[in-house]
Amino acid sequence: MDTNAEKLLYTLYAERNGKAPQMFAAAQSIGLAGDALGRAANALYAAGLISGITVKFGDEDDAPVAFTTDSIALTRRGTAYVEKALSLDPDDSPIGKLRKIIALASAPGWEGVKAIAEKALKDQV
């Protein structure tokens, strides 16, 4: 899976484990913009891992990709994918799940994901 798509997927999973999830805000704040966010969202949507997005590709090569993420949501399949990839127990507490994501997101380039997971963890405690 593409790194940007992974970042978006883990961000949505982390946000979903917060007290008051704001999926749209989380998707917009991970440090991906424009085409990078659109391509990541489209890849996850095509794989059935997220729902609630609209992607429109331009008719010409120079026309930009337009997308909306207003109703973005993680699907059951997306949840299962993240839990399997991170070896998370579905019955584990949100705090445990968020700590695992924070540990993964400590790598360079994952700062946006880490910030979302840390915020969600802070809301839990």
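# A guided tour from Glu83

At 10% relative accessibility, Glu83 counts as buried (buried means under 20% relative accessible area, exposed over 50%, and partly exposed in between, with a 1.4 Å probe and protein chains only). The model is a predicted one, in which local features need pLDDT of at least 70 and side-chain atom pairs count only at pLDDT 80 or more, while totals for chains, interfaces and linings use all residues. Residues are numbered from 1 along each chain as its sequence is written, and side-chain values use heavy atoms, with hydrogens and water left out.

**The whole chain**

Begin with a cartoon view of the protein, which has six helices and four strands; helices (H or I, at least four residues) and strands (E, at least two) are DSSP runs numbered from the N terminus. The order of elements from the N terminus is α-α-α-β-β-β-β-α-α-α. Of the 125 residues in the protein, 38% are buried. Among contacts (heavy atoms within 4.5 Å) between residues at least 6 apart in sequence, 56% join residues at least 24 apart.

**Helix α4**

Select α4 (76-85). Its buried residues are Gly78, Thr79, Val82 and Glu83. They span an arc of only 130° around the axis, which puts them on the same side of α4; the arc is that of the directions from the helix axis to the C-beta atoms. Arg76, Arg77 and Lys84 are exposed on the face turned away from this buried side. Next, display the partners of the buried residues of α4, which pack against α1, β4 (73-74) and α5. Past the end of α4, select Ser87, which has a positive phi near 55°.

**The link from α4 to α5**

A salt bridge here is a side-chain nitrogen of Lys or Arg within 4 Å of a carboxyl oxygen of Asp or Glu. Because Glu83 lies in helix α4 and Lys97 in helix α5, the pair ties together parts that are 14 residues apart in sequence. Lys97 is buried, with a relative accessible area of 5%.

**Helix α5**

Now select the whole of α5 (94-104). Lys97, Leu98, Ile101 and Ile102 are its buried residues. Viewed down the axis of α5, they fall within an arc of 140°, so they line one face of the helix. The face turned away from that buried side carries the exposed residues Arg99 and Ala103. The buried residues of α5 pack against α1, α4 and α6.

Gly96 is also in α5; at 23% relative accessibility, Gly96 counts as partly exposed. Draw a C-alpha to C-alpha distance from Gly96 to Leu121: the two are 9.1 Å apart in space and 25 residues apart in sequence.

**Helix α6**

Glu118 forms one with Lys114, the closest N and O atoms being 4.0 Å apart. Both residues lie in helix α6, four residues apart, about one turn of the helix. Glu118 is partly exposed at 37% relative accessibility, and Lys114 is partly exposed at 26%.

Asp123 forms a salt bridge with Lys119, with the closest N and O atoms 3.7 Å apart. Being four residues apart in helix α6, Asp123 and Lys119 are separated by about one helical turn. Asp123 is partly exposed, with a relative accessible area of 34%, and Lys119 counts as partly exposed at 46%. The structure holds three salt bridges.

**A charge over a ring**

Select Lys7 and Trp110. The charged end of Lys7 sits over the ring of Trp110, 5.8 Å from its centre; the criterion is NZ of Lys or CZ of Arg within 6 Å of the ring centre and within 35 degrees of the ring normal.

**The nonpolar core**

Finish with the largest nonpolar core, in which Leu8, Leu12 and Ile50 touch the most other members of the 34 residues. Such a core is a set of buried Ala, Val, Leu, Ile, Met, Phe, Trp, Tyr and Cys residues joined through side-chain atoms within 4.5 Å. The largest share, seven residues, comes from α1.

Centre the view on Ile50. Apart from neighbours within four places in sequence, Ile50 is in contact with Leu9, Leu12, Ala41, Leu44, Tyr45, Ile72, Ala73, Leu74 and Thr75.
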